[in-house]
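Open the model in your viewer and keep the selection panel at hand. The stops below say what to select next and what is there.

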Number of protein chains: 2
Amino acid sequence: MASRVAIVGAGPCGLAQMHAFEQARAEGADVPDIVCFEKQSDWGGLWNYTWRTGLDEWGEPVHGSMYRFLWSNGPKECLEFADYAFDEHFGQPIPSFPPREVLYDYITGRAKKSNVREFIEFNTAVRWISYSDETFSVTVENLADRSTRTEEFDYVIVATGHFSVPHMPSYPGFEQFPGRIMHSHDFRDSREFDGKDLLVLGSSYSAEDIALQTRKYGAKSVTISYRTNPMGFPWPDGIDEVPKLSHLDGDVAHFIDGTTRRVDAIVLCTGYQHSLGFVAEDLRLRTNNVLYPDNLYKGVFWLDNPKMIYLGMQDQYYTFTMFDGQAWYARDYILGRVTLPSRDEMAVDIAEWRAKLDACETPIQEIDFQADYIADLCRDVDYPEFDLDLTREHFKTWEHHKEESIIGYRDRSFSSPCTGTVAPAHHTPWWQELDDSMATFLGNK
Amino acid sequence: MASRVAIVGAGPCGLAQMHAFEQARAEGADVPDIVCFEKQSDWGGLWNYTWRTGLDEWGEPVHGSMYRFLWSNGPKECLEFADYAFDEHFGQPIPSFPPREVLYDYITGRAKKSNVREFIEFNTAVRWISYSDETFSVTVENLADRSTRTEEFDYVIVATGHFSVPHMPSYPGFEQFPGRIMHSHDFRDSREFDGKDLLVLGSSYSAEDIALQTRKYGAKSVTISYRTNPMGFPWPDGIDEVPKLSHLDGDVAHFIDGTTRRVDAIVLCTGYQHSLGFVAEDLRLRTNNVLYPDNLYKGVFWLDNPKMIYLGMQDQYYTFTMFDGQAWYARDYILGRVTLPSRDEMAVDIAEWRAKLDACETPIQEIDFQADYIADLCRDVDYPEFDLDLTREHFKTWEHHKEESIIGYRDRSFSSPCTGTVAPAHHTPWWQELDDSMATFLGNK
């Protein structure tokens, strides 16, 4: 009997995994039976925008954390599929920082080409995964008819992502604050804050981007409160950074340096939890958001049972490129093309990577760390060649661009590590561009 | 071995159930072992106010649907515990329409008196309930340490409530609407809408109350869109009702009668789902929000397995009073004090009640229907006597008061069916009273 593989989630990781199998199948490989369970009604994971917040139409937690007017915050050249270049998908060179809809089109474009939709059961939530007698039992609920069933699999690949379940601290005075308090997970449209004084808590990508977005679309002021260190970018007029929030008194925010600000609304950009409560404890990854979670050999294979595979559970500079490397490696393990060393050797390898990570002190070193990890993955598999070293340089250049101009870095152009194509400049500077539609972006409107 | 009872939820229903057992224990009964699993960190269910929306600190769906400045929308005399009168708890007569904090204090006051907190495991979510070999298996997750375990029980009492998981329809244009769209489940503070033009969808209690609340606290206008029939109350200036929403075009709402309104935000008061996905299908109640759900004998015992008990799953005029009647009945069944008839007889009884319900056409008839149901429960158990017929009349009077003045009905006074105490008038008319604190309400401030 053919072996069976369960994939949990049809976002970028799940789609990469199915695509990797289809690529092998097209070359004649004997591919196992694949079932992908997706709780949303369509594919694309986070990139599948929804207006919904909180709970979805089935009463399930909303997966999507993306908002209107979200543009890529890294150069697209650093996430390009080596076997499906941007040039191939769009038939024309496009600028380096596309809006969400454009990247959604690109990701799902490759999935359509490799015809993986047939493997996906939509509106299906995975409730429990356990392992015994050499077999995984996967209990799923069909959200439409509310039926529950358990199926058996030889391998499980968890591709749920980890930017969906908010980490949401409380502060004194939240219970009495007379305005909206939301996590960035529930942020949807900047224009909600037109004319408002906004408080943003956090100092990572969400805080940076939501501060810029809301100001760009009309917020009167944006105060960013950092817990440890400010981001320190050259903020445009109307945005500034202050120390940690101490408490609220009515609508007045008090910070630990004694300063105060009156604010209308609060957005907590305080990160996400790895939430894998549907996995039995002996198989469950528990980690904070780091570049090399513990107990995952090659960043993907669960140390105590490598048939349990996790994709994309790292913190990320690299995204789709890294997911492809992981998906190819997972595929080749399942197909018997690569073998894994002993448990002890795997544990040593994990410890070595984590020691290297501990030595990283700067974003530049972290970029190299993650690029090294991708190189390590790609060495053993047939993922098409691309210029990984060029992307290292791109990321470092991008970091410098951000320090030079936080509102201008998205106007820069990069060259493709796959095709060499140099991206054209966008027709409108990002800070002035209020229309994020694909038609306008591609200049077809 | 003593039999074991699992109670799911420590809100009004779960607390009533534990209290009922303690009342029997105090009189010498041999009471089974009781464990109550509560996913929140404190008791009180919906009445335990939280500023959180969407997902809670553990990444679980937020249970609470209550908002700041929520006042009881029915006379407290119609929900009074017959064995713990308002006079006993507060030591003074109080007005008929208390704010949330006051009712929370009352509910938890009885629970403290009967000392039921020791039975509750907080921060514990029930993941799965199934039945085989005469035993229930209940799988729970400790949200703090994320450990999962399965325990066995002889009886399960589901007391989760059914006003926590929103029913949230979509309309054309929601994806492009440039403001907040939320369900009433996520509504928290009316002052968020100060100076705004608000659209409220719905025609039941939430729509009525949120329209009044937001206008009272400064919304510029509130447009209520009904699906079938308007509520038809004499709305104050600034609130009106329009037909069903057709679609949105930017921030302009179009209704099926061709009229339009520009709006800043939308609150969907579109009701809740009975969401019991943690119960195995052969035990799972599936119902919409009706006064007599199918398959529940006496409104509580699961027809196919009466050791599976559901409290408070009805639509409600009566609340705490009804939960007490149910809890007493469930207790006496478990204690062997009452016996249930054959499955066929129970099915006939359920069908008879549902036929009576089908014949109800007006709220007045529905009030009598639910009062008759409570009378039927109380006939067989030792719940203390109270003047149920008086509460019927109170509810009918209350309906008339609402028709006379939707902003004034909360200023009326009723008499207690337990003590005869006539409620004093509140010191400030509800429409002018902006402070909902217990101290101000009780006049101690």
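The tour takes helix pairs and single residues in turn.

This is a predicted model, in which local features need pLDDT of at least 70, side-chain atom pairs count only at pLDDT 80 or more, and totals for chains, interfaces and linings use all residues. Residues are numbered from 1 along each chain as its sequence is written, chains are lettered from A and ligands numbered from 1 in the order in which they are written, and side-chain values use heavy atoms, with hydrogens and water left out.

**Stop 1: helix 4 of chain B**

Select residues 205–216 of chain B, which form helix 4. Helices (H or I, at least four residues) and strands (E, at least two) are DSSP runs, numbered from the N terminus. The end C-alpha atoms of helix 4 of chain B are 16 Å apart, in agreement with the 16 Å that its twelve residues should span at 1.5 Å a residue. That expected span is 1.5 Å times one less than the number of residues.

Now colour by burial: buried means under 20% relative accessible area, exposed over 50%, partly exposed in between (1.4 Å probe, protein chains only). Nine of the twelve residues of helix 4 of chain B are buried, so the rest of the structure largely encloses this helix. Among them are B:Ala207, B:Ile210, B:Ala211 and B:Leu212. B:Glu208, B:Asp209 and B:Lys216 are also on the buried list.

What covers them? Show strand 10 (197–201), strand 11 (221–225), strand 12 (239–242), strand 16 (265–268) and helix 8 of chain B; the cover includes these. Then step just past helix 4 of chain B to B:Gly218, where phi is positive, about 115°.

**Stop 2: helix 8 of chain B**

Select residues 388–404 of chain B. Helix 8 of chain B has 17 residues and reaches 25 Å from first C-alpha to last, close to the expected 24 Å. Its buried residues include B:Phe395, B:Trp398, B:His394 and B:His401. Helix 4 and helix 7 (363–379) of chain B are included in what covers the buried residues of helix 8.

**Stop 3**

Axes are lines fitted to C-alpha atoms, for helices over the stretch in contact, and angles run from 0 to 180 degrees between N-to-C directions. Angles under 35 degrees count as roughly parallel, over 145 as roughly antiparallel, 65 to 115 as roughly perpendicular and the rest as oblique.

Show side chains at the contact (heavy atoms within 4.5 Å). Helix 7 of chain B brings residues including B:Ile364, B:Ile367 and B:Asp368, and helix 8 of chain B brings residues including B:Arg392, B:Phe395 and B:Glu399.

**Stop 4: helix 5 against helix 7, chain A**

Switch to chain A and select helix 5 (residues 320–334) and helix 7 (residues 363–379). Their axes come within 9 Å and cross at roughly 30°. This pair is therefore roughly parallel. A:Met322, A:Gly325, A:Gln326 and A:Tyr329 of helix 5 meet residues of helix 7 including A:Tyr373, A:Ile374 and A:Leu377.

**Stop 5: two loop residues of chain B**

Go to B:Asn295, in the loop between strand 17 (272–273) and strand 18 (296–297) of chain B. Its phi is near 75°, positive in a residue other than glycine. B:Asn295 counts as partly exposed, at 30% relative accessibility.

End at B:Lys298, in the loop between strand 18 and strand 19 (301–302) of chain B. Phi of B:Lys298 is near 55°, again positive in a residue other than glycine. Buried or exposed? B:Lys298 counts as buried, at 6% relative accessibility.
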